[in-house]
Amino acid sequence: MNQSTGAMERLRGFLSADARELAPKLLGAVLTHESRDGAVSVRLTEVEAYMGPEDSLHPDPGSHTYRGPTPRNAPMFGPAGHLYVYFTYGMHHCTNIVCGPDGVASALLLRAGEIVDGIELAQRRRPTSKSPADLASGPARLAKALGLTTADSGRDALAPPFALELPAGTSGPVSSGPRVGVAGAGGSEEYAWRFWLTGDPTVSKYKAAKPRLRRQQAGAPPSATFHRR
């Protein structure tokens, strides 16, 4: 898993590119996490690009950074190659790899992948999976299979106990489309920043954002909010 300092910095330089251009190039890359329980490696088959705040050069209404920096999203403003892990819906963790120049918020959400090493450990972490293709088919499943939580947010994905290996060449045809579960303009065709390996069985199913009713306060008119990543 160890990489030379030079190789690590070349990889970090590669990840410092525009997230939208980088996303299809990262398909087929292998991310490894070696924990106390053992190592699990996942070959990335689906990612989503997210950009910056509304006052930035590339505003993204679907991004966690759209309203500006917070303690939670701070890793997205940091150097490329680090992890941004967040907790959502009170039950799931989702993992991003930060990209772009240091100080410019952007990241790639790791939506799905194929477990290529440590499958037995991944199965113990994901006992409800019905098949190997299901183990990391979705961002919450991928994070669970790798054993990642918010405690890993901000850690360097290019240094032990992590490693990122780029694909040797093209991994096959790539498709793109709107991002999953993002409400409003950020989930539209204008932000078709979801990329996946065409036909790969581990790719997650597309779901548009669904409205959910807020708890109505006494005397207040009915209102709705929307699911976001």
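Colleague: In which strand does Leu31 lie?

Modeller: Helices (H or I, at least four residues) and strands (E, at least two) are DSSP runs, numbered from the N terminus. By that rule Leu31 lies in strand β1, residues 30-35. Residues are numbered from 1 along each chain as its sequence is written. This is a predicted model: local features need pLDDT of at least 70, side-chain atom pairs count only at pLDDT 80 or more, totals for chains, interfaces and linings use all residues, and side-chain values use heavy atoms, with hydrogens and water left out.

Colleague: How many helices and strands are there in the protein, and what pattern do they follow along the sequence?

Modeller: The protein has 4 helices and 10 strands. Along the sequence they run α-α-β-β-β-β-β-α-α-β-β-β-β-β. The radius of gyration of the protein is 17 Å, close to the 17 Å that the globule rule gives for 229 residues, so the protein is as compact as a globular protein of that length. The radius is taken over C-alpha atoms, and the rule is 2.2 Å times the number of residues to the power 0.38. Taken along the principal axes, the C-alpha atoms fill a box of roughly 60 × 40 × 35 Å.

Colleague: Is Leu31 buried or exposed?

Modeller: Buried means under 20% relative accessible area, exposed over 50%, and partly exposed in between (1.4 Å probe, protein chains only). Leu31 counts as buried because its relative accessibility is 2%.

Colleague: Which residues does Leu31 touch?

Modeller: Contact means heavy atoms within 4.5 Å. Not counting residues up to four places away in sequence, Leu31 touches Val40, Ser41, Val42, Leu110, Leu146, Ala157, Ala163 and Leu164. A C-alpha separation is another way to read the fold: Leu31 and Ile115 are 84 residues apart along the chain, with their C-alpha atoms separated by 9.7 Å.

Colleague: Leu164 is in that list. Where does Leu164 lie, and what does it touch?

Modeller: Leu164 lies in strand β6, residues 162-165. This leucine is buried, with a relative accessible area of 2%. Beyond residues up to four places away, the contacts of Leu164 include Leu31, Gln3, Leu11, Leu15, Leu26 and Ile97. For the protein as a whole, residues 24 or more positions apart account for 61% of the contacts with a separation of 6 or more.

Colleague: What does the side chain of Asn96 reach?

Modeller: A polar contact is a pair of N or O atoms within 3.5 Å; within protein, one must be able to donate a hydrogen and the other to accept it, and residues adjacent in sequence count only if both atoms are side-chain atoms. The side chain of Asn96 reaches the backbone nitrogen of Leu109 at 3.4 Å. Asn96 belongs to strand β4, residues 92-98, and is buried, with a relative accessible area of 0%. Thr95 also lies in strand β4 and is buried at 0%. Leaving aside neighbours within four places in sequence, Thr95 is in contact with residues including Leu83, Tyr84, Val85, Leu109 and Ala143.

Colleague: Which peptide bond is cis, and what is phi of Tyr89?

Modeller: Most residues other than glycine have a negative phi, and most peptide bonds are trans. Here the bond from Pro160 to Pro161 is cis, with omega near 10 degrees. Pro161 sits in the loop between α4 (139-146) and β6. Phi of Tyr89 is near 55 degrees, a positive value in a residue other than glycine. Tyr89 is found in the loop between β3 (83-88) and β4, and counts as partly exposed at 44% relative accessibility.

Colleague: Is Ala168 buried or exposed?

Modeller: Ala168 counts as exposed, at 92% relative accessibility. Ala168 is found in the loop between β6 and β7 (174-177). Gln123, in helix α3 (residues 119-125), counts as partly exposed at 36%.

Colleague: How far apart are the mean positions of the positive and negative charges?

Modeller: Lys and Arg count as positive and Asp and Glu as negative; His and the chain ends are not counted. Each charge is placed at NZ of Lys, CZ of Arg, CG of Asp or CD of Glu. The mean positions of the 26 positive and 21 negative charges are 9 Å apart.
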